[in-house]
Amino acid sequence: MIEVEHLTKVFGSGTESSNRVLDDVNFTVDGGEIFAVVGPSGAGKSTLAQCLNLLQRPTSGKVIVNGDDLADLSAAALRTARRRIGTVFQSSNLLARRTAAENVALPLEYLGATKQSTKTRVHELLDRVGLGDKADHYPHQLSGGQRQRVGIARALALKPAVLLSDEATSGLDPQATDSFLRLLTEVRDELGLAVVFITHEMETIVKVADKVGRIDQGRIVEQGALVDLVLDPDSPLGKSLRPRGATATAVDGQVSLDVTYHSVAVPVDWITRVGQRIGTPISVLGANIQTVDGVSVGDLTVSVAAADVDEFVTATAELGITARRTAGGLLEVTV
Ligand SMILES: Nc1ncnc2c1ncn2[C@@H]1O[C@H](COP(=O)(O)OP(=O)(O)OP(=O)(O)O)[C@@H](O)[C@H]1O
């Protein structure tokens with residue numbers, strides 16, 4: 001479990017030259033949970049990652065792993081404490097002149113583990129990430145996805161309580177990304193890891209996260225369970241987690257409405273039901289229906305006759321759906 005309390009990082013000093021990059025950041029990730037952190041460029045994600053794995057000292061606040069505040073430790077104690085957090089970086093940061101096995105062995109060597117125990121553990125870890133047959137390959141002989149899997153093996157070498165994934169899927173193709181995400185969820189479950197997953201890729205979040213936090217200008221401006229966010233029509237984060245392509249334009253006489261599922265139990269045939277109930281055709285102008293954590297999540301734009309809008313809104317609300325006029329979507333009604 002990792003608890004981050006009132007974490008603040010200020011670079012520089014003096015009111016003019018100081019830069020508050022993290023400002024009162026708070027979140028908790030339990031063992032067995034993946035917490036995704038998302039935010040625009042410059043929001044403070046890398047700085048947060050560095051404060052979590054203690055490459056940067058927080059200016060104030062706490063980073064508590066399984067009850068111990070790591071931000072408070074002496075330099076010597078910090079070296080030991082770092083073992084509790086394994087990190088997988090963007091493009092894995094493997095040493096080019098060491099084989100996959102030698103890269104995974106690095107943290108064990110620093111720790112002073114015996115040759116035999118290191119060999120056994122490295123073998124075990126490479127097998128676990130599906131690369132038992134690539135132990136003697138150098139990084140340039142591995143694909144990007146395989147390098148990231150070696151990165152996971154290395155991050156797990158010292159049996160950490162927390163796994164920090166810092167933009168680890170950036171640059172991977174969709175297949176390698178999926179395989180990385182699958183491995184991440186497997187090791188989370190097997191080892192009960194608390195995973196902090198930093199990314200700017202919304203589609204990866206929907207696939208793996210249990211909870212999500214949105215960081216902007218150094219502050220976590222929104223956070224919650226993934227399912228709650230995608231079912232919240234008012235959440236900007238929820239909206240960006242329900243991506244959708246272009247929407248067609250409603251024809252004259254029709255009103256365009258944005259429709260979002262806010263219940264976990266919206267019937268799949270809701271359009272037919274609502275259409276029959278209010279006795280009017282419903283046109284679908286754009287739609288994205290996806291399953292998130294076993295829950296059906298819908299985000300659509302539909303159009304109905306102007307005279308039927310109120311009835312449509314009432315009928316959909318009864319089925320767990322929020323319908324609102326599309327901004328600027330109220331078209332000239334010609335009678
Ligand atoms: N060592 C430093 N000294 C001063 N300012 C820094 C330092 N490191 C980062 N910053 C500033 O902190 C802010 C946040 O940077 P950070 O790299 O954490 O953002 P980010 O969300 O990871 O961005 P990106 O997605 O582009 O990598 C930026 O304005 C950056 O200039």
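Strand β2 (19–29) and helix α1 (45–52) each supply at least two residues of the shell around the ligand. Here helices (H or I, at least four residues) and strands (E, at least two) are DSSP runs, numbered from the N terminus. The model is predicted, and local features need pLDDT of at least 70, side-chain atom pairs count only at pLDDT 80 or more, and totals for chains, interfaces and linings use all residues. Residues are numbered from 1 along each chain as its sequence is written.

The residues around the ligand are Phe 11, Asn 19, Val 21, Gly 39, Ser 41, Gly 42, Ala 43, Gly 44, Lys 45, Ser 46, Thr 47 and His 200; a residue belongs here if its C-beta atom, placed from the backbone, lies within 6 Å of the molecule. Helix α1 gives the most to this shell, with 3 residues. By class, the shell has 3 nonpolar, 8 polar and 1 charged residues. In this division Ala, Val, Leu, Ile, Met, Phe, Trp, Tyr, Cys and Pro count as nonpolar, Asp, Glu, Lys and Arg as charged, and the others, Gly among them, as polar.

The protein is assigned domain 1 (2–238) and domain 2 (242–325), with bounds from an automatic or database domain assignment. Their centres, taken over C-alpha atoms, are separated by 39 Å. Across the boundary, 9 residues of domain 1 are in contact with 11 residues of domain 2, contact requiring C-beta atoms, placed from the backbone, within 7 Å. On the side of domain 1 that touches domain 2, α7 (202–208) and α8 (226–230) are the elements that give two or more residues, and α8 gives the most, with 3. That side has 7 nonpolar, 1 polar and 1 charged residues.

Two helix pairs follow. Helix α3 (residues 100–111) packs against helix α5 (residues 144–156) at an angle of about 30 degrees, with axes 7 Å apart; axes are lines fitted to C-alpha atoms, for helices over the stretch in contact, and angles run from 0 to 180 degrees between N-to-C directions. The two are therefore roughly parallel, as angles under 35 degrees count as roughly parallel, over 145 as roughly antiparallel, 65 to 115 as roughly perpendicular and the rest as oblique.

Helix α10 (residues 270–278) and helix α11 (residues 309–317) pack at about 135 degrees, with their axes 10 Å apart, and are therefore oblique to each other. Val 274, Arg 277 and Ile 278 in α10 meet Glu 311, Phe 312, Ala 315 and Thr 316 in α11. This contact has 4 nonpolar, 1 polar and 2 charged residues.

Key: Two residues are in contact if their C-beta atoms, placed from the backbone, lie within 7 Å.
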